[in-house]
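Hello,

Here is the structure I promised to pass on to you.

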Protein chains: 4
Amino acid sequence: MDYKRIITHVFNEITSGENLGQVSAYIPELAEKSPDKFGVYLTSLNHLEIGMGDHQEKFSIQSIAKVFSLTMAYKMLGEKIWERLGVEPSGTAFNSLVQLETDKGIPRNPFINAGALVICDILISQLKNPKAEFLAFVREITGNKKLSYSEKIAASEKATGYRNVALCNFIKSFGNIENAPEVVTDFYFHLCSIEMTCEELSKAFLYLANGGKTFDGNNPVITTSQAKRINAIMQTCGFYDESGEFTFKVGLPGKSGIGGGIIAIHPGKYSIGVWSPCLNAKGNSYRGMKFLEQFTTETRLSIF
Amino acid sequence: MDYKRIITHVFNEITSGENLGQVSAYIPELAEKSPDKFGVYLTSLNHLEIGMGDHQEKFSIQSIAKVFSLTMAYKMLGEKIWERLGVEPSGTAFNSLVQLETDKGIPRNPFINAGALVICDILISQLKNPKAEFLAFVREITGNKKLSYSEKIAASEKATGYRNVALCNFIKSFGNIENAPEVVTDFYFHLCSIEMTCEELSKAFLYLANGGKTFDGNNPVITTSQAKRINAIMQTCGFYDESGEFTFKVGLPGKSGIGGGIIAIHPGKYSIGVWSPCLNAKGNSYRGMKFLEQFTTETRLSIF
Amino acid sequence: MDYKRIITHVFNEITSGENLGQVSAYIPELAEKSPDKFGVYLTSLNHLEIGMGDHQEKFSIQSIAKVFSLTMAYKMLGEKIWERLGVEPSGTAFNSLVQLETDKGIPRNPFINAGALVICDILISQLKNPKAEFLAFVREITGNKKLSYSEKIAASEKATGYRNVALCNFIKSFGNIENAPEVVTDFYFHLCSIEMTCEELSKAFLYLANGGKTFDGNNPVITTSQAKRINAIMQTCGFYDESGEFTFKVGLPGKSGIGGGIIAIHPGKYSIGVWSPCLNAKGNSYRGMKFLEQFTTETRLSIF
Amino acid sequence: MDYKRIITHVFNEITSGENLGQVSAYIPELAEKSPDKFGVYLTSLNHLEIGMGDHQEKFSIQSIAKVFSLTMAYKMLGEKIWERLGVEPSGTAFNSLVQLETDKGIPRNPFINAGALVICDILISQLKNPKAEFLAFVREITGNKKLSYSEKIAASEKATGYRNVALCNFIKSFGNIENAPEVVTDFYFHLCSIEMTCEELSKAFLYLANGGKTFDGNNPVITTSQAKRINAIMQTCGFYDESGEFTFKVGLPGKSGIGGGIIAIHPGKYSIGVWSPCLNAKGNSYRGMKFLEQFTTETRLSIF
């Protein structure tokens with residue numbers, strides 16, 4: 001498979017095509033990114049690395065970080081975490097409160113905001129210094145000591161994140177948050193603030209292509225079964241109420257963030273990070289989705 | 001991979017374990033099946049065939065037939081069908097009317113009842129003799145000339161299927177059903193009435209493991225891309241509001257029916273039919289789900 | 001109170017003002033009415049009768065007839081009817097199916113379509129010739145032997161009433177409809193087809209201003225307690241999801257129909273019928289609502 | 001009308017009958033009240049005052065205070081307040097978040113918690129010392145200088161009021177709260193903490209029976225039209241999703257609180273305060289509801 005030729009071809013085609021949607025105005029730090037930014041980076045298990053465009057520029061990974069927090073909680077507590085949240089697609093938007101009322105405070109899955117908040121709560125109960133220890137964990141699995149929170153972004157999110165505060169208090173009212181809501185949302189806002197490049201993203205997530213082990217192979221992050229299951233959840237729930245569409249068109253497990261980043265995994269083969277800040281109506285990167293769709297079409301390889 | 005040994009081992013283990021849930025009382029013909037029935041049949045692309053238990057006994061495939069009707073409509077009209085329904089998991093039960101109200105009569109996916117009714121409507125508009133031609137299509141892809149509707153089951157469903165009549169009229173009120181509701185539901189009740197054995201089921205669905213081509217390889221049912229996409233929809237929507245759970249635990253695209261049957265596909269490898277009539281609370285076969293979970297665990301092979 | 005002066009003044013003011021909204025296009029017979037039609041008729045318990053504008057012209061009373069069917073069922077079965085439906089405002093549109101799913105087929109009140117269908121079902125189970133006996137009942141309480149169904153309107157409703165067929169089958173699927181859905185909807189479409197003038201409407205409903213007795217006083221239609229309770233239900237549920245607004249602005253129990261008619265009752269004082277075909281976004285007569293608001297403002301009399 | 005005889009008779013009958021339901025465990029201060037407490041107090045416009053049972057004992061009026069805050073905001077801003085909330089019954093529980101999502105942060109009415117929070121926000125924006133000035137207002141209309149917040153109850157509510165914090169932040173996320181959520185909920189928790197006796201309650205609300213003027217007649221609290229409209233809103237929305245039931249059975253505008261208090265108004269006649277701590281499944285006083293139903297039945301007087 002000549003990945004390099006295909007990536008180059010698809011990248012150029014997407015770049016020359018239209019760039020629809022809107023850069024997120026959720027917080028100022030996201031809004032100021034140029035809509036024309038576009039980067040791609042693929043890392044394969046057989047040591048191929050291919051980067052295109054703005055693949056060296058940092059961006060806010062936002063909800064993509066929810067995969068890291070799930071990984072850490074899953075590693076620490078195993079299947080026990082599913083007593084407090086589910087693995088079902090929600091059929092609703094990422095920040096919906098509706099289902100929580102019917103479901104008595106049990107979030108549908110770890111990738112909607114409600115579920116990510118419960119995962120944060122689990123980690124806070126387990127860790128002495130949650131923010132520091134979580135960052136250390138992400139640095140370790142990415143092999144990148146320089147990764148850090150953006151305090152500026154975290155502060156911005158805190159200043160405007162009323163919906164997430166509402167979600168956290170709502171879940172707390174059902175008894176499914178153990179810690180103080182302020183502490184949980186503070187941790188949540190921090191983990192969403194991590195900044196990475198496409199290259200870093202692609203390398204960080206290789207453990208999900210590699211049966212739970214980091215790329216060098218010496219470092220099992222989680223068990224193979226756990227890695228498969230995280231991939232499975234990404235497949236059904238990684239793109240909010242566009243998860244079916246992504247599965248249908250791209251055919252790979254993946255996760256998006258409103259900073260415009262997407263990570264997609266081909267288990268046993270590669271991990272690919274894409275970034276373009278313009279979002280479609282569902283909050284997923286317009287060019288990122290399009291690139292991955294065309295890429296798996298041209299490689300004729302998906303998990304299906 | 002010694003499939004035979006694993007299937008035998010898992011089958012015996014499940015058989016000796018408990019058998020929870022309830023045989024569906026939806027119609028008398030389903031209710032009369034013994035809860036102890038249990039059959040498995042695997043057909044692989046490399047000509048392996050393994051059957052266990054009641055794999056030669058006919059049962060009502062019910063909603064599994066929705067994959068055949070989707071296949072036929074998709075083959076005839078291509079991507080145009082998605083103007084009338086989506087590919088998103090619904091997050092709700094199989095016969096829910098709630099989302100249709102919000103979504104203005106556009107069903108979330110072809111595997112909830114609402115979506116299957118729209119697919120029926122599409123086929124009725126396309127075919128001269130819908131029931132006869134659909135049956136011919138299913139006979140062709142299964143290579144089984146003896147398959148037939150059960151008029152008795154179809155009549156039973158008609159006599160009690162008020163919810164489906166409601167769904168069909170509701171969608172019609174939004175303008176997304178072209179034909180008379182009685183005609184659409186009559187076709188729908190017939191397609192759900194088809195009876196097959198685990199062996200027939202397994203062989204019938206091999207085209208989805210085989211890139212859209214029937215097993216003998218001479219007969220392309222649908223394109224490879226279409227086969228991948230149907231697998232993708234089964235992955236996210238095949239088990240109603242337990243789709244995430246099935247993806248999480250089994251890790252294969254699949255589809256269940258309230259007759260207790262499940263078909264699961266490993267693209268590029270095999271197709272496996274399972275049947276046991278006791279259903280869990282979500283309406284999926286208790287032993288069928290358990291068998292497939294343990295089977296993919298022991299083979300250590302899933303698409304993730 | 002100089003009702004005549006106030007009615008004349010308000011009528012002229014409304015007539016010279018704007019006439020917003022749309023004539024219902026639900027069925028052709030409604031759509032063909034001139035948007036400029038406007039009639040008012042008040043009948044008081046102290047023998048006052050005041051008519052203005054098109055008060056002698058027949059129009060389709062539509063959902064206003066639901067008060068007659070409730071009255072007849074309540075008279076026959078008493079409080080027992082509340083085992084099958086509630087008296088709560090729904091907070092949703094008149095033809096919503098959503099709440100029925102949560103409420104297991106028990107309609108919130110007798111004035112949303114779902115509840116009116118259950119009332120029809122109750123009457124069908126009680127009566128030998130439901131359509132004939134119901135018409136006789138309405139003729140009796142109105143003292144008007146010429147009232148009749150419009151077979152043309154009933155046929156039109158049948159031809160397009162998929163939403164009502166959906167509702168009826170949906171409720172049947174929960175077991176809260178005893179008779180065949182076709183029979184229930186046929187009765188329902190007929191009762192909605194009755195045509196009356198403002199004058200007839202005003203006189204017909206005097207029993208609800210008069211403690212349950214018809215105007216001549218010799219004929220108790222229902223008990224005083226039942227009359228009060230029907231008024232109470234009209235107050236909270238008579239205008240679908242605009243019931244609160246009507247109560248707030250007009251302050252009288254009332255019921256509207258999509259033909260543009262409204263009946264309002266001042267218990268102990270009068271009954272007033274208003275008709276103007278242009279409907280606001282909630283499906284209630286634009287000028288009818290406005291007239292009644294200004295009328296109770298200028299009379300300084302409401303039940304509050 | 002011999003109110004005294006009827007009240008005595010009904011009071012004794014209810015007292016000797018069963019006392020179902022549960023004392024609210026929402027906060028410790030409510031939970032510690034004896035379930036057997038039962039008081040009634042009626043004050044009529046023609047200077048009748050009748051008290052029975054525990055009518056001199058203070059209890060937490062809770063949501064009944066929402067009528068005072070609505071009155072104050074309505075007095076200050078007039079019809080403008082309806083730009084930020086509606087007057088429709090919600091059809092859902094008092095603390096539901098579901099509708100807010102559909103309605104984009106505009107609460108259905110001022111008596112569900114969401115609406116009461118918006119009213120608090122309006123007052124905070126208008127007043128220099130919201131808590132002090134609101135208390136002064138309540139003292140003035142009740143003619144009772146000793147009324148006060150219970151700091152203990154307010155603190156208890158704050159400690160457990162996650163659902164209200166969620167609601168407030170949720171509305172803020174739609175832009176319909178101007179002030180900081182902590183400030184709004186603090187005010188809200190305080191107003192709910194006011195304690196009154198049945199006698200005080202009955203006298204305090206006489207302005208709603210008296211066309212907006214306090215009992216001595218010299219002091220117009222609000223206009224007659226505003227008083228009628230507040231009565232109208234109490235009629236359709238005063239008892240959450242049991243408002244229709246209360247209207248149906250009692251036939252008077254009223255408002256309940258989870259402390260077990262109920263105030264009911266007969267415009268032009270009287271105001272009656274009832275208190276009994278055991279609540280039915282909808283959160284309204286079991287004996288309070290029963291007493292008022294039987295009372296209006298025996299007086300044969302309701303607004304309908």
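Predicted model: local features only at pLDDT ≥ 70, side-chain atom pairs only at ≥ 80, totals over all residues.

Let me begin with chain A as a whole. It is built from 14 helices and 9 strands. Its radius of gyration comes out at 18 Å, close to the 19 Å that the globule rule gives for 304 residues, so chain A is as compact as a globular protein of that length. Along the principal axes, its C-alpha atoms fill a box of roughly 55 × 40 × 35 Å. Of the 304 residues in chain A, 61% count as buried. If you look at contacts in this chain with a separation of 6 or more, 66% of them join residues 24 or more positions apart.

Next, the domains. Where the two meet, 32 residues of domain 1 of chain A are in contact with 29 residues of domain 2. On the domain 1 side, several elements supply at least two residues each, including helix H2 (28–31), helix H10 (198–204) and strand S7 (261–266) of chain A. The largest share of that side comes from H12(A), with 6 residues. Sorted by class, the domain 1 side holds 15 nonpolar, 11 polar and 6 charged residues.

Now for a contact between chains. Here 29 residues of chain C are in contact with 29 residues of chain D. Which helices of chain C each supply at least two residues of the side that touches chain D? They are helix H12 (224–237) and helix H13 (243–249). Of these, H12(C) gives the most to that side, with 8 residues. The chain C side divides into 10 nonpolar, 13 polar and 6 charged residues.

The largest nonpolar core has 384 residues, and the members that touch the most others are Leu117(A), Leu117(B), Leu117(C) and Leu117(D).

Best wishes

Terms used
Residues numbered from 1 in each chain as written. Chains lettered and ligands numbered in written order. Contact = placed C-beta atoms within 7 Å. Helix = DSSP H or I, 4+ residues; strand = E, 2+ residues; numbered from the N terminus. Nonpolar A, V, L, I, M, F, W, Y, C, P; charged D, E, K, R; others polar. Core = buried A, V, L, I, M, F, W, Y, C linked by C-beta atoms within 7 Å. Buried ≥ 20, exposed ≤ 12 C-beta atoms within 10 Å, placed from the backbone. Rg over C-alpha atoms; globule rule 2.2 N^0.38 Å.
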